[in-house]
Protein chains: 2
Amino acid sequence: MVNWFRRARERIEVPRLTPRSEQRPTARVDLAELTPSLSAYLGHAAYLQLSFFETLSRATAIAPTLEAKEVLARVAGRALEKHRKLVIELERRELDPVQAMEPFAAGVHEFQRVTRGNDWYETLVSCYVTAGFLDDFFVRLGAGLSGEAGARAVAILRQDLEAKELVDLVLDAVGANPRLSSRLAMWGRRLVGDTMLIARSALVLGSDHDTEEARIEPVFTELIASHTRRMDNLGLTA
Amino acid sequence: MVNWFRRARERIEVPRLTPRSEQRPTARVDLAELTPSLSAYLGHAAYLQLSFFETLSRATAIAPTLEAKEVLARVAGRALEKHRKLVIELERRELDPVQAMEPFAAGVHEFQRVTRGNDWYETLVSCYVTAGFLDDFFVRLGAGLSGEAGARAVAILRQDLEAKELVDLVLDAVGANPRLSSRLAMWGRRLVGDTMLIARSALVLGSDHDTEEARIEPVFTELIASHTRRMDNLGLTA
């Protein structure tokens with residue numbers, strides 16, 4: 001397991017640093033110019049949190065042990081809390097939460113469908129990996145929001161799901177059944193594509209395709225580096 | 001609809017008042033002598049709240065509209081909060097929550113299975129009706145717990161799920177499709193048997209069968225009167 005951790009860690013350093021230094025001299029790339037309106041941002045993020053809550057609740061209901069149920073119920077509760085807080089931000093601005101979420105419902109449902117996994121273990125990996133990736137992404141995207149409301153939204157999304165015990169559930173399962181690790185590693189790779197797609201769907205893109213891609217690419221390189229770290233935490237090869 | 005309300009209300013007064021005055025002179029019957037240990041009480045109640053949370057989350061996931069999803073996510077969150085608070089009470093007394101819940105897991109799972117309903121509407125009715133009944137029951141049962149911990153547990157269970165909007169969802173559905181009301185009324189009646197069974201399973205019964213039944217019966221008569229009021233709120237004949 002130790003060896004494995006090291007191997008995964010070495011991998012990520014390479015793709016992470018190279019494009020960053022080649023393409024942008026600044027230490028931190030951002031998506032400010034591609035940021036949607038506050039209403040769209042909050043609506044999309046709120047609906048995603050609701051979908052994490054739903055997937056985590058489903059994982060709670062089918063958990064094989066009471067210990068696991070307790071862990072997942074707590075994590076589900078935190079996703080719901082993030083959802084609620086984002087909804088409150090919408091209400092503060094006298095925006096109708098349902099109207100703000102509606103445009104993203106179909107996309108999020110489809111994302112939820114393809115990422116929920118074929119068994120409990122895949123669902124756990126999915127919750128940890130996709131929620132982590134998308135929270136990272138929305139925090140980054142939120143840099144383009146102006147004012148206090150934007151800062152509050154970012155602070156909400158930055159709240160950790162405190163999924164340490166969820167990670168332990170996966171580590172234990174993989175420890176008890178090493179063959180599970182290759183299946184879950186594969187599953188983690190499959191998740192990346194769909195997660196990037198839904199993240200991209202939150203960007204406001206214009207017609208200047210090449211400039212935009214040049215801006216987006218290094219951000220995604222960093223997000224994928226964080227994804228690799230998350231897979232690493234789960235004891236899985238990214 | 002107004003007529004209907006009146007009819008249902010008339011019904012409940014009769015069985016509620018008669019046995020009370022016949023069998024016990026005091027205004028309030030209680031189950032003090034049949035109360036389990038605090039650990040068993042908290043474990044059973046906590047696991048039931050977790051099962052309400054799971055059923056409400058499932059209803060959230062399959063809700064036909066975003067408005068309904070929002071309502072159910074909130075109610076699910078409140079059931080989870082009650083669960084968490086009861087778990088904290090166990091932890092305060094240095095009791096292991098999982099060990100305290102374990103003896104009730106099989107019974108609660110079976111209860112959950114038979115009461116979750118065959119469609120979304122039945123699930124809604126079930127959540128409102130069974131959680132209401134069992135909260136009432138555990139509040140009553142908690143009168144037999146001594147000390148501050150008992151009072152705190154009762155205060156937690158007394159917390160309303162604030163399911164007013166859930167009730168509106170059922171009223172709207174029945175209003176839009178009156179044929180639904182006879183099916184849901186029937187479903188509500190079926191729920192009573194299983195709900196009473198799981199409530200009874202929380203009582204510590206001895207060998208003095210007749211005395212115990214005489215003590216239990218008026219309590220259940222009152223609980224059923226409250227159940228009838230709940231069905232009434234849903235616009236359904238009890």
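Tutor: Let us begin with accessibility: buried means under 20% relative accessible area, exposed means over 50%, and partly exposed lies in between, with a 1.4 Å probe and protein chains only. Tyr121(B), with a relative accessible area of 27%, is therefore partly exposed, whereas Trp120(B), at 9%, is buried. Please note that this is a predicted model, in which local features need pLDDT of at least 70, side-chain atom pairs count only at pLDDT 80 or more, and totals for chains, interfaces and linings use all residues. Residues are numbered from 1 along each chain as its sequence is written, chains are lettered from A and ligands numbered from 1 in the order in which they are written, and side-chain values use heavy atoms, with hydrogens and water left out.

Student: How many aromatic pairs does the structure hold over all chains?

Tutor: Rings of Phe, Tyr and Trp (its six-membered ring) pair if their centres lie within 6.5 Å; planes under 30 degrees apart count as stacked, over 60 as edge-to-face and the rest as tilted. Over all chains, the structure holds 11 such pairs. In one of them, Trp120(B) and Tyr121(B) have ring centres 5.4 Å apart and planes at 70°, so the pair is edge-to-face. The rings of Phe137(B) and Phe220(B) have centres 5.8 Å apart and planes at 45°, so this pair is tilted.

Student: Which parts of the chain does the pair of Phe137(B) and Phe220(B) link?

Tutor: Helices (H or I, at least four residues) and strands (E, at least two) are DSSP runs, numbered from the N terminus. Phe137(B) belongs to helix 5 (residues 120–141) of chain B and Phe220(B) to helix 9 (residues 209–233) of chain B, so the pair links distant parts of the chain, 83 residues apart. Phe137(B) is buried, with a relative accessible area of 0%, and Phe220(B) is buried as well, at 7%. In chain A, ring pairs join Tyr41(A), Phe133(A), Phe137(A), Phe138(A) and Phe220(A) into a cluster.

Student: What does the contact take from each chain?

Tutor: Chain A gives 23 residues and chain B gives 23 residues. A salt bridge is a side-chain nitrogen of Lys or Arg within 4 Å of a carboxyl oxygen of Asp or Glu; the count between chain A and chain B is four. In one of these, Glu54(A) meets Lys69(B), with the closest N and O atoms 2.7 Å apart. Helix 2 (38–61), helix 3 (66–92) and helix 4 (97–115) of chain A each give two or more residues to the side of chain A that touches chain B. Helix 3 gives the most, with 12 residues.

Student: Where does Glu94(A) lie, and is it buried or exposed?

Tutor: Glu94(A) lies in the loop between helix 3 and helix 4 of chain A. At 74% relative accessibility, Glu94(A) counts as exposed. Glu94(A) has a positive phi of about 55°, although it is not a glycine.

Note on methods:
Contact means heavy atoms within 4.5 Å.
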